[in-house]
Amino acid sequence: MTNDQIKQAVLQIISVIAPDEDLSRLKSDVALREQLELDSMDFLDIVMELRKRYKVEVPEADYGHLASLDSCATYLEPKLKDK
Amino acid sequence: MSSSHYDVIIIGAGMSGLAAAVRLAYFEKKVCVLERHYAAGGLNSFYALGGHQFDVGLHAMTNYVPPGTRGAPLTKIYRQLRLTPEDFGLAPQNRSEVRFPGRTLRFTNDFAFFTREVIEQFPAQKDHFLRLVRHIQDYDELDLDAKPLSGRQVVSGFLTDPLLIDMLFCPLMIYGNAEEHDMEFGQFVVMFKSIFCEGLARPREGVRRIITALRRKVRAVGGTVRMKCGVKALHVADGHVQSVELDSGETLTAETIFSSAGYVETMRLCTDCEPEKLTPLAGRMSFVEVIHVLDQPMQALGHDATIIFYNSGKEFQYAVPADLVDPRSGVICCPDNFLFDKPLATPMLRLTCMANFDGWAALDEPAYKQAKAAWLPRIHQEVLQFVPDFRKHVVFTDFFTPRTIKHWTGHVNGAVYGAPAKLKTGRTRMDNLFICGSDQGFLGIVGSMLSGISMANLHVLKK
C-alpha cells in the first residue's frame, strides 16, 4: 500500500469506529484527538481493526505513532508495503 | 483443536455477556455464550403472561443522551458494538419525580432543570449542591483501581440538609445499589450521572428491542449463543479453569472464561469452592414488582410522570425489610409515559418495592399466593398518595417476588444488584476466569454492556 492508500484505509477504519464524526475536514498533520472525540477505547479499536483487516500488529508501546493520519501512514508504511 | 474448544466461553446471555460476545467475535475470537434460561437478558429480560408482554428489570434505561452526544457511555456503546441509535430505538422520558412527604424534586433529561429544581426546593443548600455537582463531574468513576468510599460520608461533607441527602440517595440506591444503608461513592457517582446528568429513555418495544439488537449482532459477527444450556461446574486445577461442564454432561474448553452469573454464583461453580466462605459475600437487596395492565393509559387519568421514586416514611431506609415487603418506599413506573411516536398497545403501571428474599422463599405455595394477595392492597395504599386511583382500570395483574428473580436468574437471594463488594478489574483467583456484569461493578443496562465491553478489551483484546 502507498502512503495515501494507508491514510485512506485508516480513515475508513475511523469511519467505522466513529460513524458519528465528520471526517470530511480532517487535517492529516494534526493529532486525531484534537480534531475528533476519540478515547482510549477508540484507539484500541484502530489497532484491532488494523490487525483484523491487514494482519498488522501494533504493540502498545507504539500507539503514539498513531497520533495523526500522517504519522499513522509513516509508521505503517513499512509494515504494509506488501499488502 | 476440537469443535468444543473456544477462545472465550461466556456464562450468561445478559447485557454484559452479549456485549462481550459482540466485541470478541467481531475481532475474530471463537466465542460461545451459554445461557441456562430459554430467554436472553438475564436480570433485564421479558416474558409473556395472560396474553400480555412484560419486561423484567427495565423500567427505563438510564444513561440516555441524544444521538451524537460526545464522550457519553451510551455513545461509547454504540461505537464499541458497531451499533447505531436506530438499533435501540430509544424514546426519552416525559419527566420523573422524587417524592417525599411535603417535598418533590422533578427531573427531566436536562440536568439544568434538575439543578434549578434542587435550588428552588432547597435554597439554603444551593452552594453546597453546586459544589457537590462539581465534585461529581470531576470524579473518575471508571477508574478500576479506585478505593471504595462511603457515599453517605462524602455527600454529607457537601450537603447539610438530611432530607435533600435522602432525596438524592433514594432513586440512585433503588436503581442500582447492592449494599444496604450506604452506597459506595463511585457507585453513587455512576448512578448520579446516569440518572440526573444524563437521563431516562425506553424503546417502544421494551427490553426486547435491546436484547434482539445484541443477539442479532452476536450472530452477524460469528458468535454462538446456546440457550437452555446451563453450566454445572467449572473444573479447576492450579488456579486455572480447565474445562466447563454443562448440565447435559457435555464438556467444553476455552482459553478464557467470562462469567456474568455473579461472583458468588460463579465461584460456587468452581469444583474447589468452599460454599460457607462465599455465602456472606452475596448481596441481599431484592424487590417485589406489581405489574398492572390497564384499560387506559395513566395519562388519561391525569398522570404523565414517567417514574416516581417515592418515600412516605420519616426517613428513607434502604435495607432488606423485616416484613416481606417495605411499601413505604419504591418506584412507580408508567411505561406509557415516554415520548413515543405512537402510544403503547398495552397501557401499564409498574410498582416496585424492597422485599425480603428469605421471607418469600420460606412460604409454601398457598401461603405464597396469599402473601401476594395480602400485600397488593398495602402497596396500593402507599402509591395512591402519589398517583390517581387506577384500581378500577386494572384488567390484568402480575406480581413477581425475590423468589421469582432467583428462579429465573440464579442470583443468590434474588439480589438484583449483585454483591456489595464489586470486582472492578473482573479478576478472580483463577487466572483465566473473569467476572463481568453487575458484580464487576457497572450497573444498569448501559453499565452492564460497558462492563462486558471493558472486560473483553482488558482481558482478551489488549493481549
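In this predicted model, B:V231 stands opposite B:L246 in β11(B).

**Exercise 1. Describe how strands β10 and β11 of chain B are paired, and characterise the turn between them.**

Solution. Step 1: identify the strands. Strand β10 comprises residues 231-237 of chain B, and strand β11 comprises residues 240-246.

Step 1: examine the connection. β10(B) and β11(B) form a hairpin with two residues between them. In that turn, B:D238 has a positive phi of about 50 degrees.

**Exercise 2. Locate B:E28 and B:K228, and state whether each is buried, partly exposed or exposed.**

Solution. Step 1: recall the expectation. Most residues other than glycine have a negative phi.

Step 1: compare the two residues with it. B:E28 is not a glycine, yet has a positive phi of about 65 degrees. B:K228, also not a glycine, has a positive phi of about 50 degrees.

Step 2: B:E28 is in the loop between α1 (15-26) and β2 (31-34) of chain B. B:K228 is in the loop between β9 (224-226) and β10 of chain B.

Step 3: classify their exposure. With a relative accessible area of 48%, B:E28 is partly exposed. The value for B:K228 is 65%, so this residue is exposed.

**Exercise 3. Determine which strands flank β15 of chain B, and how they run relative to it.**

Solution. Step 1: consider β15 itself. This strand covers residues 325-333 of chain B, and eight of its nine residues are buried.

Step 1: take one partner. Strand β14 (residues 307-311) of chain B runs antiparallel to β15(B) and is joined to it by five bridges. Here B:I308 stands opposite B:I332.

Step 2: take the other partner. Strand β16 (residues 348-355) of chain B is also antiparallel to β15(B), with six bridges between them. In this pairing B:V331 stands opposite B:T352.

Step 3: relate this to side-chain direction. In a regular strand the side chains alternate between the two faces of the sheet.

**Exercise 4. Classify the ring pairs B:F169 with B:F188 and B:F192 with B:F196, and give their setting in chain B.**

Solution. A pair of aromatic rings is described by the distance of the centres and the angle of the planes. The count over all chains comes to 26 aromatic pairs.

Step 1: classify B:F169 and B:F188. Their ring centres are 4.7 Å apart and their planes meet at 45 degrees, so the pair is tilted.

Step 2: B:F169 belongs to helix α7 (residues 162-174) of chain B and B:F188 to helix α8 (residues 185-198), so the contact ties together parts that are 19 residues apart in sequence. B:F169 is buried at 0% relative accessibility, and B:F188 is likewise buried at 0%.

Step 3: classify B:F192 and B:F196. With 5.2 Å between centres and 75 degrees between planes, this pair is edge-to-face. The two residues are four apart in helix α8 of chain B, so about one helical turn separates them. B:F192 is buried, with 0% relative accessible area, as is B:F196 at 0%.

Step 4: widen the view. Ring pairs link these four residues into a cluster whose members also include B:F107, B:F111, B:Y139 and B:F309.

**Exercise 5. Find the rings over which B:R103 and B:R403 lie.**

Solution. Step 1: B:R103 lies over the face of B:F122, 4.4 Å from the ring centre.

Step 1: B:R403 places its charged end over the ring of B:Y368, 3.9 Å from the centre.

**Exercise 6. Describe the second largest pocket and its lining.**

Solution. Step 1: state the volume. The second largest pocket holds about 550 Å³ of space.

Step 1: list the residues at its centre. Of the 24 lining residues, the closest to the centre are A:D39, A:S40, A:M41, A:L44 and B:K462.

Step 2: assign the elements. Those giving two or more residues to the lining are α2 (32-35) and α3 (40-54) of chain A, together with α15 (444-461) of chain B.

Step 3: note the predictor's confidence. The complex has an ipTM of 0.92 and a pTM of 0.95, and the mean pLDDT of chain B is 95.

Technical notes: Residues are numbered from 1 along each chain as its sequence is written. Chains are lettered from A and ligands numbered from 1 in the order in which they are written. This is a predicted model: local features need pLDDT of at least 70, side-chain atom pairs count only at pLDDT 80 or more; totals for chains, interfaces and linings use all residues. Side-chain values use heavy atoms; hydrogens and water are left out. Rings of Phe, Tyr and Trp (its six-membered ring) pair if their centres lie within 6.5 Å; planes under 30 degrees apart count as stacked, over 60 as edge-to-face and the rest as tilted. Buried means under 20% relative accessible area, exposed over 50%, partly exposed in between (1.4 Å probe, protein chains only). A charge sits over a ring if NZ of Lys or CZ of Arg is within 6 Å of the ring centre and within 35 degrees of the ring normal. Two strands pair if DSSP finds at least two bridges between them. pLDDT is the predictor's confidence in each residue, from 0 to 100. On a 1 Å grid over the protein atoms alone, a cavity is a set of points where a 1.4 Å probe fits but cannot get out, and a pocket is an open set with protein on both sides within 12 Å along at least five of seven lines; lining residues have an atom within 4 Å of a point. Grid points are joined across faces, edges and corners, and a volume is the space filled by probe spheres set on the points.
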